[in-house]
Amino acid sequence: MGLLVVFGQIYDPAINAAALAFDRALRADLPDGVIETVPTFRSVLVRFDPLEISCPRLEGHLQELLARQDWLQAEPDDAAQHWVLPCVYGGARGPDLGKVADLMGRREDQVVAAHAAVELRVAMLGFSPGLAYLGQLPEAWNLARRSTLTPEVPAGSVLVAVRQTVLPATPIPTGWHAIGQTPFRAFVPAHRRPFLLAPGDRLRFEPVAEPCYAAFDQADFLRKSGG
Amino acid sequence: MSGLEILSIAANATIQDAGRPGFLRYGLSAGGAVDPYALAEGQALLGNAPDDAALEFAGAGGRFLARSDVWLATSGAEMTLTVNGDARPWRQSFGLRAGDELRLGPPQTGVYAYLHVAGGFQTEQVLGSRSTHLRAGLGTVPRPGIVLPFRADLPHSQQPLKLPRPGSFSRRCFRVLPAPQADLFSAETRQRFLAQEFRIGQMRDRMGMRLEVEGSAAFQAETGLSIASDATNLGDVQITGDGTPVVLLVERGSAGGYPRLVTVISADLAALAQVPSGELIRFQEISRDDAVVELRKYRREINTLKDLVQPVFRDPHQISGLSGMNLIGGVIRGDEEDNHDDD
């Protein structure tokens, strides 16, 4: 069974921070019978075994935690990881960069510089394994999704629309604009930490040239990033 | 190598066990057998552990060659089963000798069928499970030419066992709870949804199944506000942009932005997934307390399956031709205590 704790209907950094902070507090003292918690843009799903903890009892626990503070004023997690991911913008790795530049009325190099300048936060992981929704870009990035679906973009694609950046960890179909690709892989099933990004992580992209992409060594990168 | 060689197999067949629960926060749905009851049937017939891996078929089967002696069982939807061309009954355990050919044809009832081996298939384990997760690219994808390994250290000659056919295959009414976004729909829409008959669509897989509605307005949410994605639960019925209900199954996307109207209770979800395309179904809303009672009953049924297991007694005259093949002493005598002295 599941109980959903909702902090708002839309994506908004304060609503998201509330959901992430509530999830952290809940996990710090998880009642027996809770199977897992799933923080998202605007809510926390609490999946539980109703034969181990009754629904009213869990509901009481969640209400009590909710009343403990004003979660919409919650500070972001100090302990969140901080990533700087290399990214090749444009060309074959970001085929929609030109179109995005047209939509924003800027040159491609300006778009790249603007995107790489923003420190993003992992708002949630979902849709496909390890796929990160990153927020939030300035209003100029409030781009509609494309009207057609690309059947498949590769893992590591850097996709933008609606002031967000999406970083898939596996190949996915998408209607978002592909402006680049990072060689970093957020989901490595055989790794001791198969999922490297966590909700709340801070993340920035660093523009690099094609040779850097080919030379990227994830194990080496993780050592330097303290992963 | 000990193993079952795949000679041919339907494209949607997978390896399934209890799946990978606990990774939903990272975007990975648990996967695992669509029908956990059927998975448990096979484990009961073989004395396997609850999370041993089996082959799952979704409406079509395949042909297999035993590369070594092996003890197997079938469960779930009833497929046509032959060994070297001879028909065999479903929901039983049985032995194959090295070189025997096993053929599974389309199911006569239900959709999801399982082929189990003693000790479970020993395919690659990722994140604590052997389940094939197609979207995530995890686990072995069964393809012709692959030899599915199994343990060689288990007895391959045993007393054949059988289980009765569960009553769930004839069910066409499934119980639901209101989903978290039910209040985005008008009371009229919710009532219409519960009064409505739905046809199970052809578009279905381990992620979800579409429900078709005939001669009726679509189930649109009231609000014009597009809600941001949040986490999906197993059994959620989401209403897509064009108003079509989709029941979310084990390999669903972990999050979605479509509003969800009801959630099918865990005790009923596998039975719903077993309904063939084209059949009519309906939903019935129950209370949260009743859903917990049903879950307790369902778990108890699964945990007591081993008490329903019966030995198979066969007429020796019908299988006299087999005795010369030194199959299994116990088949003929039905003697569970001491069935190895003819081997």
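How many disulfides does the structure hold over all chains? Zero, taking a disulfide as a pair of cysteine sulfur atoms within 2.5 Å.

This is a predicted model, so local features need pLDDT of at least 70, side-chain atom pairs count only at pLDDT 80 or more, and totals for chains, interfaces and linings use all residues. Residues are numbered from 1 along each chain as its sequence is written, chains are lettered from A and ligands numbered from 1 in written order, and side-chain values use heavy atoms, with hydrogens and water left out.

**View 1. A:Cys87 is in no disulfide.** Its nearest cysteine sulfur belongs to A:Cys212, 12 Å away. A:Cys87 has 0% relative accessibility and counts as buried (under 20% relative accessible area; exposed is over 50%, partly exposed in between; 1.4 Å probe, protein chains only).

**View 2. B:Cys173 is partly exposed.** Its relative accessible area comes out at 29%.

**View 3. Chain B splits into domain 1 (3–163) and domain 2 (171–303).** The bounds come from an automatic or database domain assignment. The C-alpha centres of these two domains of chain B lie 28 Å apart. On the domain 1 side, 25 residues are in contact with 18 residues of domain 2 of chain B (heavy atoms within 4.5 Å).

**View 4. One salt bridge is counted between domain 1 and domain 2 of chain B.** The term means a side-chain nitrogen of Lys or Arg within 4 Å of a carboxyl oxygen of Asp or Glu. B:Glu56 forms a salt bridge with B:Arg206, with the closest N and O atoms 2.8 Å apart.
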